[in-house]
Amino acid sequence: ISLQTEEGGWGYGGMAADAAHLHYVIFALYAAKQQGIEIPERTWTKAVAWLTSMQRPDGGWNYNAEGSSPFAVDSYGSMTATAVMGLKAAGISPANESVRRGMEWLIKHYTVARNPGCLYWHYYYLLAVQRAMDISPRQEKLGDHDWYSEMASYLVSKQKPDGGWIADTPI
């Protein structure tokens, strides 16, 4: 909580906030809240303000306010699912305009085969979608897609004989 930026996000120490850091912090705070740990309302309010300010005109999100990166040009799947997860974790209803527009982006670009709009971080995208859909209120469908069954089938089909998976990230 003490590392939250004044704008409401989290990042590398004193650097600008980004959605990837927010993903793990918000999920940890949400898990703590589920266990009865009191999270200051100001923390949630600032996070929601930062997330909503970062939403792009197409309804999705990217890594940060910088726009493009070497990995994605505009909105992309893992960051959009992260933002939806973060808003829901903060108690924002799926009927909220930002959540609704983020869900519309995810539905429009839905796939389990890659991180839509991005060159890398495929499995991170799948995790972000799972968390966005599982946080209350749980959503069984993403548009017409049974996201859980589709992701599970995809992951099982890609598992290597040694039990692992091959990542798509060259870093």
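Leu22 sits in helix 1 of this predicted model. Is Leu22 buried or exposed? Its relative accessibility is 0%, so Leu22 counts as buried. Setting aside residues up to four places away in sequence, Leu22 touches Gly8, Gly9, Trp10, Phe27, Trp50, Leu51 and Thr82. Its C-alpha lies 11 Å from that of Ala89, a residue 67 places away along the chain.

**Helix 1 against helix 2**

Leu22 also takes part in a helix-helix contact. On the helix 1 side, the residues are Ala19, Leu22, Ile26, Leu29, Tyr30 and Lys33. They meet Thr43, Trp44, Ala47, Trp50 and Leu51 of helix 2. By class, this contact has 9 nonpolar, 1 polar and 1 charged residues. Helix 1 covers residues 19-34. Its axis is 12 Å from that of helix 2, and the two pack at an angle of about 150°. Angles over 145 degrees count as roughly antiparallel, and helix 1 and helix 2 are therefore roughly antiparallel to each other. The crossing is left-handed.

**Helix 2 against helix 3**

Helix 2 (residues 41-54) also packs with helix 3 (residues 77-89). Their axes come within 10 Å and cross at roughly 150°. That crossing angle makes helix 2 roughly antiparallel to helix 3. This crossing, too, is left-handed. From helix 2, the contact uses Trp44, Val48, Leu51 and Thr52. From helix 3, it uses Ala83, Gly86, Leu87 and Ala89. The contact comprises 6 nonpolar, 2 polar and no charged residues.

Helix 3 has 13 residues. From first C-alpha to last, helix 3 reaches 18 Å, close to the 18 Å expected at 1.5 Å a residue. How many of its residues are buried? The count is 13 of 13, and helix 3 is mostly covered. Just after helix 3, Gly91 takes a positive phi of about 95°.

Helix 3 also packs with helix 5. The angle is about 25°, and the axes are 8 Å apart. That makes helix 3 roughly parallel to helix 5. Again the crossing is left-handed. Helix 3 brings Gly77, Ser78, Met79, Ala81, Thr82, Val84, Met85 and Lys88 to the contact. Helix 5 brings Tyr124, Tyr125, Ala128, Val129, Arg131, Ala132 and Met133. These residues divide into 10 nonpolar, 3 polar and 2 charged.

| Helix pair | Angle | Axis distance |
|---|---|---|
| Helix 1 and helix 2 | about 150° | 12 Å |
| Helix 2 and helix 3 | roughly 150° | within 10 Å |
| Helix 3 and helix 5 | about 25° | 8 Å |

**Trp105 in helix 4**

Trp105 belongs to helix 4. At 4% relative accessibility, Trp105 counts as buried. What does Trp105 contact, leaving aside neighbours within four places in sequence? Its partners are Asp58, Gly59, Gly60, Ser75, Tyr76, Gly77, Thr80 and Pro116. Gly77 is 28 residues away along the chain, yet the C-alpha atoms of Trp105 and Gly77 are separated by 8.4 Å.

**Loops on either side of helix 5**

Trp121 lies in the loop between helix 4 (97-108) and helix 5. Its phi is near 60°, a positive value in a residue other than glycine. With a relative accessible area of 26%, Trp121 is partly exposed.

The loop between helix 5 and helix 6 holds Pro137. A cis peptide bond joins Ser136 and Pro137, with omega about 0°.

Asp146 is found in the loop between helix 5 (122-134) and helix 6 (147-158). Is Asp146 buried or partly exposed? Its relative accessibility is 29%, so Asp146 counts as partly exposed. Beyond neighbours within four places in sequence, Asp146 is in contact with Glu140 and Lys141.

Notes: Residues numbered from 1 in each chain as written. Predicted model: local features only at pLDDT ≥ 70, side-chain atom pairs only at ≥ 80, totals over all residues. Heavy atoms only, no water. Axes fitted to C-alpha atoms, helices over the stretch in contact; angles between N-to-C directions. Helix = DSSP H or I, 4+ residues; strand = E, 2+ residues; numbered from the N terminus. Parallel < 35°, antiparallel > 145°, perpendicular 65-115°, else oblique. Left-handed = near helix turned anticlockwise from the far one by under 90°. Contact = heavy atoms within 4.5 Å. Nonpolar A, V, L, I, M, F, W, Y, C, P; charged D, E, K, R; others polar. Expected span 1.5 Å × (residues − 1). Buried < 20%, exposed > 50% of the residue type's maximum accessible area, 1.4 Å probe, protein only.
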